[in-house]
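Subject: The structure I promised you

Hi,

Here is the structure we talked about.

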Amino acid sequence: MDAITPGLLELLGFRPADAADLLARLPRLTPGDHAEIERLTGLLRGNLGRVGERVNPVGEEPRPHRLGTDFPLLIALVSVAPEMVAVLTGRGVDEETAWRSASDLGQQVHIHRLVHGGFGLGAGGWVAMNYSGSLLWLGRLQYTLEPDTASLGCHIPEAGPLTPELVDASLELARPVAL
């Protein structure tokens with residue numbers, strides 16, 4: 001857990017309150033929590049690089065935890081994020097775009113707080129599936145290579161205005177991308 005730093009959380013799009021909440025909870029992890037984090041980290045690592053064949057290795061249902069919804073999964077995702085960024089950069093994605101794409105994790109923690117009024121992760125299955133290296137956040141929109149097709153899925157993150165100009169600019173960024 002020593003590798004989880006404020007700087008890493010900032011790269012992953014965590015708002016200050018969410019980063020502080022995560023860091024404050026780390027010392028309260030039990031040996032059982034550590035074992036679960038290791039198990040989840042292994043599942044996530046097994047999905048790295050699968051892209052068009054990605055799966056959701058952890059299931060869809062959020063799991064309650066005394067430190068916050070899906071807290072062990074959240075820690076596992078933070079832990080594998082640099083490896084996921086390396087998968088993206090290894091495929092020719094520039095480092096800034098790779099980290100922006102990984103920052104969907106912090107975005108999902110923020111949305112959980114907005115919806116549920118407290119710290120946690122409610123979209124763990126979504127993030128876990130996309131931490132295969134299959135999600136790119138390009139401008140205002142996110143794109144995923146959809147399994148078993150040659151198409152891109154387009155997703156609208158809760159991240160500000162959605163103007164025609166921003167959409168057009170994002171679509172233009174996506175044209176040359178081969179996930």
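Some ground rules before the details. This is a predicted model, so take note that local features need pLDDT of at least 70 and side-chain atom pairs count only at pLDDT 80 or more, while totals for chains, interfaces and linings use all residues. Residues are numbered from 1 along each chain as its sequence is written, and side-chain values use heavy atoms, with hydrogens and water left out.

**Helix pairs**

Helices here are DSSP runs of H or I with at least four residues, strands are runs of E with at least two, and both are numbered from the N terminus. Each axis is a line fitted to C-alpha atoms, for helices over the stretch in contact, and angles run from 0 to 180 degrees between N-to-C directions.

Start with H3 (residues 31–47) and H4 (residues 71–90): their axes are 8 Å apart and the packing angle is about 45°. That makes H3 oblique to H4. For the wording, angles under 35 degrees are roughly parallel, over 145 roughly antiparallel, 65 to 115 roughly perpendicular, and the rest oblique. The H3 and H4 crossing is right-handed; a crossing gets that name if the near helix is turned clockwise from the far one by less than a right angle, and left-handed if anticlockwise.

Which residues meet there? From H3 you'll see Glu36, Ile37, Leu40, Thr41, Leu44 and Arg45, and from H4 Pro72, Leu73, Ile75, Ala76, Leu77, Val80 and Glu83. Contact means heavy atoms within 4.5 Å. Sorted by class, the contact of H3 with H4 has nine nonpolar, one polar and three charged residues. (Ala, Val, Leu, Ile, Met, Phe, Trp, Tyr, Cys and Pro count as nonpolar, Asp, Glu, Lys and Arg as charged, and the others, Gly among them, as polar.)

H4 also packs against H5 (residues 95–102), at an angle of about 135° and with the axes 9 Å apart. That makes H4 oblique to H5, and the crossing of H4 and H5 is right-handed. On the H4 side look for Pro82, Met84, Val85, Leu88 and Thr89; their partners in H5 are Glu95, Ala98, Trp99, Ser101 and Ala102. The class count for H4 with H5 is seven nonpolar, two polar and one charged.

Then there are H2 (residues 16–25) and H6 (residues 104–116), whose axes come within 10 Å and cross at roughly 95°. H2 and H6 are therefore roughly perpendicular to each other. Ala17, Asp18 and Asp21 of H2 make the contact with Val109, His110 and Arg113 of H6. By class, the contact of H2 with H6 has two nonpolar, one polar and three charged residues.

**The core**

A nonpolar core is a set of buried Ala, Val, Leu, Ile, Met, Phe, Trp, Tyr and Cys residues joined through side-chain atoms within 4.5 Å. Buried means under 20% relative accessible area, exposed over 50%, and partly exposed in between (1.4 Å probe, protein chains only). The largest core has 43 residues, and Leu12, Phe14, Leu22, Leu74, Val78, Leu105 and Tyr131 touch the most other members. H4 gives the largest share of this core, with twelve residues.

**Single residues**

- Asp70 sits in the loop between H3 and H4. Asp70 is not a glycine, yet has a positive phi of about 55°. Most residues other than glycine have a negative phi. Asp70 is also buried, at 4% relative accessible area.
- Pro57 is in the loop between H3 and H4 too. Pro57 and Ala128 are 71 residues apart along the chain, and their C-alpha atoms are separated by 6.9 Å.
- Gln108 is found in H6 and is buried, with a relative accessible area of 13%. Beyond its neighbours within four places in sequence, Gln108 contacts Leu121, Ala123, Trp126 and Val127.
- Ser134 lies in the loop between H7 (124–130) and S1 (135–138), and is buried at 0% relative accessibility.

Cheers
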